[in-house]
Amino acid sequence: MLPDITVLGPWTYLATEVVFGTAALLLLLRADAVGRAARTVAILYPVAYVWDWYTLAVGVFSIEMRTGVELLWIPVEEHIFIVVVPAFVLGIHENLRLRDENRE
């Protein structure tokens, strides 16, 4: 049985982003890849924003457990999500790359 984090109410989505965002940052710091990741995230951000805005606008999904604060027509949590997901992936990628380099 998974813990019910919806007890955080409208802060639920934001809280999960803080947890995973922290993990992403720690991975990137460990790999000394914050700058490279930031550049990649900045390039991906506009495309992800349009994709997110569009899917929300046409009703592909809705987000129930959020603060209700919007910025540029999408929830503030989605802006954070657009940064956290690629940062987390890049953090894992960079740590795997380091591990492989250390094996050689």
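Me: Aspartate 52, buried or exposed?
Reply: Aspartate 52 is buried, at a relative accessible area of 8%. Buried means under 20% relative accessible area, exposed means over 50%, and partly exposed is in between, with a 1.4 Å probe and protein chains only.

Me: What kind of model and numbering am I looking at?
Reply: This is a predicted model, where local features need pLDDT of at least 70, side-chain atom pairs count only at pLDDT 80 or more, and totals for chains, interfaces and linings use all residues. Residues are numbered from 1 along each chain as its sequence is written, and side-chain values use heavy atoms, with hydrogens and water left out.

Me: Back to aspartate 52. Which element is it found in?
Reply: Aspartate 52 is in helix H2. Helices (H or I, at least four residues) and strands (E, at least two) are DSSP runs, numbered from the N terminus.

Me: And what is aspartate 52 in contact with, leaving aside neighbours within four places in sequence?
Reply: Phe61, Ile74, Glu78 and Ile82. Contact means heavy atoms within 4.5 Å.

Me: How far in space is aspartate 52 from alanine 33?
Reply: C-alpha to C-alpha, 26 Å, for 19 residues of sequence between the two positions.

Me: Zooming out, how many helices and strands does the chain have?
Reply: Three helices and two strands, and along the sequence the pattern reads α-α-β-β-α. The C-alpha trace spans about 50 × 35 × 20 Å along its principal axes.

Me: What share of the chain is made up of buried residues?
Reply: 27% of the 104 residues. As for contacts with a separation of 6 or more, 66% of them are between residues 24 or more positions apart.

Me: Which residues line the largest pocket?
Reply: Leu44, Val47, Ala48, Trp51, Asp52, Thr55, Phe61, Glu78, Phe81, Ile82, Val85 and Pro86. The elements giving two or more residues to this lining are helix H2 (34–57) and H3, and H2 gives the most, with six residues.

Me: What is the lining of the largest pocket by class?
Reply: Nine nonpolar, one polar and two charged residues. Ala, Val, Leu, Ile, Met, Phe, Trp, Tyr, Cys and Pro count as nonpolar, Asp, Glu, Lys and Arg as charged, and the others, Gly among them, as polar.

Me: How many aromatic pairs does a search of the whole structure find?
Reply: Two. Tyrosine 13 and phenylalanine 81 make a tilted pair, 6.4 Å centre to centre with 50° between the planes. Tyrosine 13 sits in helix H1 (residues 12–30) and phenylalanine 81 in helix H3 (residues 76–103), 68 residues apart. Tyrosine 13 is buried at 16% relative accessible area, while phenylalanine 81 is partly exposed at 37%.
Reply: Phenylalanine 20 and phenylalanine 88 form an edge-to-face pair, 6.1 Å centre to centre and 75° between the planes. Phenylalanine 20 lies in helix H1 and phenylalanine 88 in helix H3, so this pair ties together parts 68 residues apart in sequence.

Me: What are the cut-offs for a pair?
Reply: Rings of Phe, Tyr and Trp (its six-membered ring) pair if their centres lie within 6.5 Å; planes under 30 degrees apart count as stacked, over 60 as edge-to-face and the rest as tilted.

Me: How far does H3 reach from its first C-alpha to its last?
Reply: H3 has 28 residues and reaches 41 Å, close to the expected 40 Å. The expected span is 1.5 Å times one less than the number of residues.

Me: What do the buried residues of H3 pack against?
Reply: H1, H2, strand E1 (70–71) and strand E2 (74–75). Histidine 79 is one of the buried residues in H3, with 9% relative accessibility.

Me: What does histidine 79 touch, not counting residues up to four places away in sequence?
Reply: Tyr45, Tyr49, Leu71, Leu72 and Ile74. Leucine 71 is in strand E1 and is partly exposed at 46% relative accessible area.

Key: On a 1 Å grid over the protein atoms alone, a cavity is a set of points where a 1.4 Å probe fits but cannot get out, and a pocket is an open set with protein on both sides within 12 Å along at least five of seven lines; lining residues have an atom within 4 Å of a point.
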